[in-house]
Protein chains: 2
Amino acid sequence: MQSRREFAAASPYSSRMRILIADDHPLFRGALAQAVRTVAAGAQIEEVGSFDAALAELAAYPHTDLVLLDLHMPGSHGLMALATLRAEYPAVAVAMVSAHDDVTTVQRALVHGALGFISKRSSLDELQAALRTVLAAQTWVPPPLREDLSSHPPALAERHLAARLAALSPQQMRVLVLVADGLLNKQIADRLGVQERTIKAHLSAIFERLDVRNRTQASVLLRSLELADPAQRLDP
Amino acid sequence: MQSRREFAAASPYSSRMRILIADDHPLFRGALAQAVRTVAAGAQIEEVGSFDAALAELAAYPHTDLVLLDLHMPGSHGLMALATLRAEYPAVAVAMVSAHDDVTTVQRALVHGALGFISKRSSLDELQAALRTVLAAQTWVPPPLREDLSSHPPALAERHLAARLAALSPQQMRVLVLVADGLLNKQIADRLGVQERTIKAHLSAIFERLDVRNRTQASVLLRSLELADPAQRLDP
DNA sequence: CCACCTACTGGACGATCGTCCGATGCAGGA
DNA sequence: TCCTGCATCGGACGATCGTCCAGTAGGTGG
């Protein structure tokens, strides 16, 4: 799949590996951390429960080796979180973690730069195997899906979309995310601490790279990374 | 669930029932038509393979009694097709038909005005029971999901979204769809055969009813009806 | 009949958008 | 070192957006 930069397997001679676990389910997050400790004894593990917290953690420690990113958590709009993270930290490997492990979703995650896709329905053995694989900078997908994935290449439109989004610089991606929230240029400028003029310059570049004509079309492209959230029952 | 108008069960004394089957899979479409013929002998059945064709058919025969609408077909962006159809023909009952029958999707379809949800994985007996139910203007959902659906009410945000979108007039919905495609006001005006001034007036009303401030936020709302398409492999 | 909604249109106006020209400083790769 | 990309900013300008004021016409239901 397309990747901005090759991931390097963490060398045993280097400093301790740093692994960030981002999942809003504390129990599963803990189980994930325990599994990581089992397969990578010396790893330094951080746990967060929201996408914003994950971004903050990465901002503090940009040299993180691997992020285990839940597909559905507060602030992460499906694959938008993956794209944001890939734009901001191209050198950081990201493995998606989700129970929503249908072929198309896994395929989309890989196309958009995920190193692997770990199913939450994995057994402990499988989970550990998955972690060993991604820690060695190898792609992992749930075994039952491998045949389907290899026989059905991703849609051309999806790869095209991924290529266009991957062409954006980190700041451009930040601007695009805010545009897709419906903010005005002035508001985006204030949010990012720059002049409105700068936002306009970014937008012109964004439109050119995404091959669109206005902000609405650009946000449609980004929003297409949104996935239907299978667990959006906030109303008891 | 919310509905603009109550559906009336087709009276046996009235003229023949008119049923529109919209599904891009010819085989399943035929099977569906056969099942309809079995449970409603005298019904007049029309079959189309795209959402645009469905709209054209309804434009020609607005007095259709029931539409069996595939969730994933060319031109229908997930639940956007349902919303469009409900806005245009509030009196026409719509039953969604899909193999993508997870609880959340079914629930969203009902919230957005579907009379029922028929799973493509149904047996022939179940399919006929489902058709009899929706033809009697009763809600149908796949039996395995009924317990889940009754115990988990839909998200407040989803109902709020549905209420706002259902408040739009047919023409306003048409405008919104084109806005969400990134078209300029002038382009929308040309497409609908009116003045740009009129589009602006519609947009002001749309923004007020959707409680948003600009076209980008409005298109985000509409696009949230989009579902991840499980079968978007166009690339052999 | 009248109130109400829908659809369409007009003038005017400020706000916002997006692009054209240009510029600077900085970091990283060839 | 040179070159490219990134990020920032400026002026100017036309295009577009969105709202304020207003009006006409048709259909529907109480």
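A residue is near a molecule or strand if one of its heavy atoms lies within 4 Å of it. The model is predicted. By that criterion, 18 residues surround DNA strand D, and the closest are A:Ser169, A:Gln195, A:His202, A:Arg209 and B:Ser204. By class, this surface has four nonpolar, eight polar and six charged residues.

| Residue | Distance to a phosphate oxygen of DNA strand D |
|---|---|
| A:Thr198 | 2.8 Å |
| A:His202 | 2.7 Å |
| A:Arg209 | 2.5 Å |

Two or more residues each are given to the surface near DNA strand D by α8 (170–179) and α10 (196–210) of chain A and by α10 (196–210) of chain B. The largest share, five residues, comes from α10(B).

Chain A has eleven helices and five strands. Of its 236 residues, 53% count as buried. The accessible surface of chain A is about 10600 Å², with 53% of this belonging to carbon and sulfur atoms. Among the contacts in chain A with a separation of 6 or more, 68% join residues 24 or more positions apart.

In chain B, B:Val39 is in helix α1 (residues 26–39). Its C-alpha atom is 9.9 Å from that of B:Leu127, 88 residues away along the chain. Setting aside neighbours within four places in sequence, B:Val39 is in contact with B:Gln128, B:Leu131, B:Arg132 and B:Leu135.

Note on methods:
Residues are numbered from 1 along each chain as its sequence is written. Chains are lettered from A and ligands numbered from 1 in the order in which they are written. This is a predicted model: local features need pLDDT of at least 70, side-chain atom pairs count only at pLDDT 80 or more; totals for chains, interfaces and linings use all residues. Side-chain values use heavy atoms; hydrogens and water are left out. Helices (H or I, at least four residues) and strands (E, at least two) are DSSP runs, numbered from the N terminus. Buried means under 20% relative accessible area, exposed over 50%, partly exposed in between (1.4 Å probe, protein chains only). Contact means heavy atoms within 4.5 Å. Accessible areas come from the Shrake-Rupley method with a 1.4 Å probe; for residues, only the protein chains shown count as cover. A polar contact is a pair of N or O atoms within 3.5 Å; within protein, one must be able to donate a hydrogen and the other to accept it, and residues adjacent in sequence count only if both atoms are side-chain atoms. Ala, Val, Leu, Ile, Met, Phe, Trp, Tyr, Cys and Pro count as nonpolar, Asp, Glu, Lys and Arg as charged, and the others, Gly among them, as polar.
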